[in-house]
Amino acid sequence: MLENISPPLDRDQLIMQAAALADHLHRAGVQWMPRPNEQAVQELKTRLFSPNAEAEGAGNAAASTMEAPGAGTQTPVSRPDSASLSAANPSAAKPTPAKTVPTKSAPATTSAPTAAGASPLLNAVAKPYPGASLPLAQRESELVALASEVAACQKCSQLARCRTHTVFGEGNANARVVFFGEAPGADEDREARPFVGKAGELLTKMIQACKFSRDDVYILNTVKCRPPGNRNPDPEEIANCRPYFEKQIELIRPEYIVCLGAVSGQALLDSKLSVGRLRGRFHPYFDSKVVVTYHPAYLLRNPAAKKAAWDDLQMMLRDAGLL
Ligand code: SF4
């Protein structure tokens, strides 16, 4: 029994965990929590996790576990019960992993994202979302106002002419995880809800496999109107709709954004790389960690890729301390 008890944390590890917790609480909208001192946190991260940390005399258990990128030990986090997944209570502290060290891009892979148990690393330093994090009620009211604006939007003449409804997005405005798709299809256009067709059924199963429900997460698309014939949205349409999805994500400030397919991954990360080259590692988007994986519609056509998609979701769950 004793072997299950984690060794006590040293001072620096405690400071890092406190900074990560404060960062998370701020993002979750807890207004009384002072914003962590970004400069001090960055200095601490540099001191703890720089490759020369040990040589500089700052060596400690945390540094020694991070010196081999991709093979380090994850910061210990407690596993929350299922109620904490919904983040319905913004004051409930959810375990937030410490930000990780900047590193060069990992090679593209179609296999499992990282070695078993490895702590995946971000490719660059994440920066805070601009402005203050809003309380849940205010996030929800701002999302409602934004949805009204979208419903009247005519920026893409063809899409605005062809749509039955705009499909704004739905879910928990305080979600830890956002699923970010491509564009509404025929079913979504009819029901004004994202991911309700066959691909939506598979996405729901993927969400449930993560031990979430659709109400725990937030689901949105890159463009809010259905492209005719289910074609991909063109760059101009994505640019037109960008302020809407950027504002949605900024209001929610999730810990993780799961991009479903190349369109959303490339739009969010401003990349031209394929899903095969983007998946298997985390990318920073402000404070959020981005996971790129295959779109459920692609998985329906290529069931062999489901294993890779599950690997990507497991990478996120491990990082979140949920696996
Ligand atoms: S796709 Fe977005 S920007 Fe284009 S008309 Fe629809 S809501 Fe407006």
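D287 is buried, where buried means under 20% relative accessible area, exposed over 50% and partly exposed in between, with a 1.4 Å probe and protein chains only, and the relative accessible area of D287 is 7%. This residue has its place in the loop between β5 and β6, and its C-alpha atom is separated by 7.0 Å from that of E255, 32 residues apart along the chain. Helices (H or I, at least four residues) and strands (E, at least two) are DSSP runs, numbered from the N terminus.

The structure is a predicted model, in which local features need pLDDT of at least 70 and side-chain atom pairs count only at pLDDT 80 or more, while totals for chains, interfaces and linings use all residues. Residues are numbered from 1 along each chain as its sequence is written, and side-chain values use heavy atoms, with hydrogens and water left out.

**Confidence and overall make-up**

The mean pLDDT of the protein, pLDDT being the predictor's confidence in each residue from 0 to 100, is 77, and 61% of the residues reach 70 or more. Over residues 50-121 pLDDT stays under 50, although the model has 146 contacts beyond four places in sequence for this stretch, a contact meaning heavy atoms within 4.5 Å. Where pLDDT is low, the predicted coordinates should not be read in detail.

The protein has 14 helices and 6 strands, and buried residues make up 53% of its 323 residues. Of the contacts with a separation of 6 or more, 73% are between residues 24 or more positions apart. The protein exposes about 14900 Å², of which carbon and sulfur atoms supply 56%; accessible areas come from the Shrake-Rupley method with a 1.4 Å probe, and for residues only the protein chains shown count as cover.

Helix α6 (residues 136-151) has 16 residues, and at 1.5 Å a residue it should span 22 Å, which agrees with the 22 Å between its end C-alpha atoms; the expected span is 1.5 Å times one less than the number of residues. The buried residues of α6 are L136, R139, L143, L146 and V150. Seen down the axis of α6, these buried residues fall within an arc of 85°, so they line one face of the helix, the arc being that of the directions from the helix axis to the C-beta atoms. An α-helix has 3.6 residues a turn, so residues three or four places apart point the same way. On the other side of α6, A137 and V144 are exposed.

Which residues of α11 are buried? They are V263, S264, G265, A267, L268 and L269, and because 6 of the 8 residues of α11 (residues 262-269) are buried, this helix is largely enclosed by the rest of the structure. The buried residues of α11 pack against β2 (177-181), α10 (235-252), β4 (256-260), α12 (275-278), β5 (283-285) and β6 (288-293). The helix is followed by D270, whose phi is positive, near 50°.

One of the elements packed against the buried residues of α11 is α10, and N240 lies in that helix. N240 counts as buried at 19% relative accessibility, and, leaving aside its neighbours within four places in sequence, N240 is in contact with K155 and C156. D312, in helix α14 (residues 306-319), is buried with a relative accessible area of 0%; D312 and T293 are 19 residues apart in sequence and 6.5 Å apart in space, C-alpha to C-alpha.

**Positive phi in loops**

The following two residues are not glycine, and each has a positive phi.

| Residue | Phi | Place | Relative accessible area |

**Cysteines**

How many disulfides does a search of the whole structure find? The search finds 0, a disulfide being a pair of cysteine sulfur atoms within 2.5 Å. The sulfur of C162 is 9.7 Å from the closest cysteine sulfur, in C225, and this is too far for a bond. C162 counts as partly exposed at 40% relative accessibility, whereas C153, at 14% relative accessibility, counts as buried.
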